[in-house]
Amino acid sequence: MKKILPALLAILAIASCAQNAKRSLSELEQGFCNPPESARPLTWWHWMNGNITKDGLRKDLEWMDRAGLAGFFLFDAGMDSPSIVEQRHDYMSDGWKEAFSYTLDLADSLGMFVGIASSPGWSLTGGPWVSEEDAAKKVVWSETCVSGGRSLSLQLPEPPSACGVYQYEYRYPEDQDRHRFYRDLYVIAVEKPEADTARIVNGVVKAGFKMDFRITDNCPTPETADCTPLARVLDLTDSFRDGVLDWDAPEGEWKIFRFGYNLIGHTNGPAVPEATGLEVDKLDADAVRRYYDNYFALYRDAGGNRFGPHGIQGLEIDSYESAKCTWTPALEQEFLRRRGYSLRPWMPVLTGQIVESADRSERFLFDWKQTLGELLAENHYDAVNEIIAPLGLVRYNESHEERTAFSGDGMRVKATADVPMSAFWARFRAGWYSTYPNAEADVRESSSVAHIYGQNVCAAESFTTNGHPGKWDGWFAYQCHPGRLKPVADAAMAEGLNKFVIHTSVHQPKDDVFPGLGLSRYGQWFNRHDTWAEEARPWMDYLARSSYMLQQGR
């Protein structure tokens with residue numbers, strides 16, 4: 001028996017494994033033949049410029065259901081769509097709310113997933129309810145040169161919107177009063193080095209004021225004697241009152257920096273005018289919470305407080321196409337807590353000035369951007385989970401897309417999302433479609449996040465195309481058919497994608513306007529007016545089967 005028992009146990013174990021394998025194969029076969037909703041594609045559904053009809057809504061959703069889509073994310077957008085309906089429904093007007101409530105009813109009856117974007121338009125978190133105090137902010141400064149060895153009483157100029165060597169353009173709301181929002185921070189004096197010609201290489205990028213597109217943007221600054229010792233950087237903030245600096249200046253030539261912050265002025269978009277307002281301060285968790293409290297209140301009113309399985313089920317935070325925040329009221333304290341030293345004497349480095357040494361100045365800029373990135377991830381992205389959890393929503397999350405759109409780690413901001421997202425574009429070259437290399441990297445980033453943090457599903461805004469500006473290009477749209485798009489889909493799946501969110505299916509309010517409304521120049525064009533609309537099911541099934549099989553991995 002001592003010899004027989006282990007053999008029996010081994011046989012039983014093998015039989016159990018075989019039974020489990022058989023069951024697993026059966027489940028895989030069933031899922032492959034009839035993919036579950038979790039594997040089926042979703043789509044962006046754009047409502048353009050108030051062109052909404054109930055008849056069109058019903059026909060759109062019924063077609064999506066026939067085509068094999070599992071649901072949609074609703075975007076209300078502006079752009080250049082003409083008015084083709086008898087009565088336009090402004091965003092959150094009574095007519096818009098009635099249409100939205102009708103949509104929830106119909107989608108629920110069809111068993112469809114319903115999600116909304118994180119703002120009107122698609123980027124990013126802004127609206128007319130955002131106050132100036134809660135809006136996105138930037139560091140600004142003015143510079144005054146003086147000779148020391150005497151007592152000074154100086155009226156320091158208020159910083160302009162663009163400062164020093166960094167001349168950049170920002171899009172402001174039409175309300176010019178927003179230009180006059182300004183708060184003082186620090187007054188810092190820097191003794192000028194003898195030559196005073198050396199500056200941080202690509203400092204505007206390293207300080208987080210501008211996107212970096214090339215690896216050369218981050219080349220190190222060569223060491224130089226043309227720098228200011230840290231001991232000759234003086235904090236004069238306590239001697240500054242009402243725009244006037246009173247200072248017994250030591251001998252030497254000095255630069256006096258008046259640092260402050262004002263509004264970036266960037267607005268959400270592309271949204272209709274009545275839904276356009278300032279972008280929220282993405283480094284301030286309290287401001288972000290107030291933003292979403294107001295935003296969800298609009299949808300609570302419009303949809304009859306329907307969140308969860310039979311109402312709004314998801315929130316999509318799209319690619320970051322907003323301004324780069326470089327200040328928030330708690331930044332000084334957060335920098336000290338996270339980095340272990342004060343940022344004040346190093347603030348001149350943001351202007352391009354080299355303090356102590358090139359290496360030490362570069363290290364400060366690294367710490368500066370690291371702090372901005374951590375605050376963005378924690379206060380704009382992670383904090384959303386606490387807001388949406390009581391509502392029963394899942395969070396889909398893109399980040400940089402194909403560029404370094406903010407100071408921070410794209411993987412980090414997706415780490416706490418329910419579904420990390422990317423975006424891949426399709427380009428038509430020499431008779432065939434391919435993806436953009438940068439978009440391939442974005443898909444790989446999201447699949448890496450899903451693997452590392454255990455979400456297991458890697459989604460992507462899929463097949464986005466850029467047509468010709470100013471017109472609907474019928475030829476280009478004709479190319480966006482499954483035969484052309486399949487190689488692009490296969491390439492994206494090879495990079496780790498296992499959930500398609502098709503860009504885009506624009507709402508078609510009428511049946512007598514062809515080829516229908518589009519999202520300006522952007523496709524893929526995918527709606528019920530397409531010539532192959534009623535033949536789309538096999539294509540959706542292919543994407544769903546492939547996604548289902550890939551979702552079985554890790």
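Me: Where does Glu-279 lie?
Reply: Glu-279 is in the loop between strand 10 (253-263) and helix 5 (285-303). Helices (H or I, at least four residues) and strands (E, at least two) are DSSP runs, numbered from the N terminus. The model is predicted: local features need pLDDT of at least 70, side-chain atom pairs count only at pLDDT 80 or more, and totals for chains, interfaces and linings use all residues. Residues are numbered from 1 along each chain as its sequence is written, and side-chain values use heavy atoms, leaving out hydrogens and water.

Me: Is that Glu-279 buried or exposed?
Reply: Glu-279 counts as buried because its relative accessibility is 1%; buried means under 20% relative accessible area, exposed over 50%, partly exposed in between (1.4 Å probe, protein chains only).

Me: What does the side chain of Glu-279 reach at 2.7 Å?
Reply: The backbone nitrogen of Leu-124.

Me: And which residues does Glu-279 touch?
Reply: Leaving aside residues up to four places away in sequence, they include Ser-123, Leu-124, Thr-125, His-266 and Ser-322. Contact means heavy atoms within 4.5 Å.

Me: Changing topic, what is the mean pLDDT of the protein chain?
Reply: The mean is 90, and 88% of the residues reach 70 or more. pLDDT is the predictor's confidence in each residue, from 0 to 100. Over residues 168-179 pLDDT is below 50, and that stretch has 26 contacts in the model beyond near neighbours in sequence.

Me: How many helices and strands in the protein chain?
Reply: The chain has 12 helices and 17 strands. Of its 554 residues, 56% are buried.

How values were computed. A polar contact is a pair of N or O atoms within 3.5 Å; within protein, one must be able to donate a hydrogen and the other to accept it, and residues adjacent in sequence count only if both atoms are side-chain atoms.
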